[in-house]
Amino acid sequence: MPDSWLLRAAELAERGRLRVEPNPPVGCVVVRGRRLVGEGWHRGWGAPHAEVEALRSAGKHARGATVYVTLEPCDHDGKTPPCSQALMRAFVKEVVYACIDPNPQTTGKGPARLREAGIGVRKARAPAAVRALLEPYATHLERKRPWVIAKWAMTLDGRIASRTGDSRWVSSQESRDWAHATFRAGVDAIVCGARTVRVDDPRLTNRSGAGKQPLRVIVCGRRGLPPKARVLRGGNTLVFAPEECRAPRTVEVVRAGAGGRVDPRRMLKELYRRGLERVLIEGGGELIGSLLDRDLVDQLVVFVAPRVIGGLGALPAVAGRGRALMTEALELDHRYVHTLDPDQVVEGYVRRP
């Protein structure tokens, strides 16, 4: 039953999502015969890897057992010793893994070491749940840019603000608290446009009480930023601006465009150069639209509030150029819909060929 054991390993790996970066979330189970004898997951960056946790859980029952893990075991020293050594010391019989590590410095080394030690190694078909967990990690390595999450809250008619610009609040307090704890606490940066700063004066901080404080990133157009904006206080703010923009002197400014617009690709390239792996785009509609137009969004998180604003002047959730045909509309994989009373939350990965 490799699929069922790997699905259990994926469930465990999910517990480490947004906590283990820059490592990927990994889960592992230890099985003897048809009995689960141990399980574990990577709990945080610098903490023991999933295999070590699972072997510790299994204890003496790991000897002669089969280990199912979502990602091939590592064979290098980093923050923790190689997982291959832990597996050999436990005298397991076989290791079944779902995904190859896309990092070229590590690919294949762990399985090769285990085979040399006489341990059976098998690459299984990776369930969709396992592949979904590893996509952000692979995107960072292969596309040389951060994983981009676009989040917004909208009414039933797709508006993020009324015709007067009022947007407080579209979503419920429960939704906002959940967003802080689930996303702001686990990303490397929160990005928003200058219009959002002028209208809403956001702090762009993680107020969940857990996790880290992400870098605050502002994308400017021709107009500057209000000098007393809260996001300009306290440091930890980076501004991307075109050459023509009058940028503030109190924070770091990166010139990344001309003609009154920032080039989104240049912005993401710079964030990647600085080591950022996950960024959260929090509006507004023009910024999210420009990223979607260029196929630079990987994941969507949309809060739909049971309200209707109406009016042609109300602000849409997504602007930009958009798609000309329904057949070109973006679709989501790995969809998940749940309720945060009274809102509905739709999550998913942007489907790509």
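Predicted model: local features only at pLDDT ≥ 70, side-chain atom pairs only at ≥ 80, totals over all residues.
Biologist: Which residues have the most contacts inside the largest nonpolar core?

Modeller: That core has 39 residues. Elements giving two or more residues to the core include α1 (2-14), α3, β4 (94-99) and α5 (128-142). There's also a second, separate core of 32 residues, with V191, V262, I288 and L292 among them. Back in the largest one, the residues with the most contacts inside are V30, L55, V67, V92 and V95.

Biologist: What covers the buried residues of α2?

Modeller: Helix α2 spans residues 50-58, and its buried residues are A50, E51, E53, A54, L55 and A58. V30 touches A54, L55 and A58, among others. Just past the helix, G59 takes a positive phi of about 60°. As for the cover, it includes β1 (27-32), β2 (35-41), β3 (66-71) and α3 (83-89).

Biologist: Okay, and which strands do the buried residues of α6 pack against?

Modeller: α6 runs over residues 173-184, and S175, R176, A179, H180, T182, F183 and R184 are its buried residues. They pack against β6 (147-155), β8 (189-193), β14 (278-281), β15 (299-305), β17 (332-340) and β18 (343-350).

Biologist: Which lining residues are the closest to the centre of the second largest pocket?

Modeller: The volume of that pocket is about 850 Å³. Its lining splits into 14 nonpolar, eight polar and ten charged residues, and α1, α5, α6, β17 and β18 each supply at least two. Of the 32 lining residues, the closest to the centre are E14, R17, L18, L133 and T182.

Terms used
Residues numbered from 1 in each chain as written. Heavy atoms only, no water. Buried < 20%, exposed > 50% of the residue type's maximum accessible area, 1.4 Å probe, protein only. Helix = DSSP H or I, 4+ residues; strand = E, 2+ residues; numbered from the N terminus. Contact = heavy atoms within 4.5 Å. Core = buried A, V, L, I, M, F, W, Y, C linked by side-chain atoms within 4.5 Å. 1 Å grid on protein atoms, 1.4 Å probe; cavity = no way out; pocket = protein on both sides within 12 Å on 5 of 7 lines; lining within 4 Å. Points joined across faces, edges and corners; volume = space filled by probe spheres on them. Nonpolar A, V, L, I, M, F, W, Y, C, P; charged D, E, K, R; others polar. Lists of a residue's contacts leave out its neighbours within four places in sequence.
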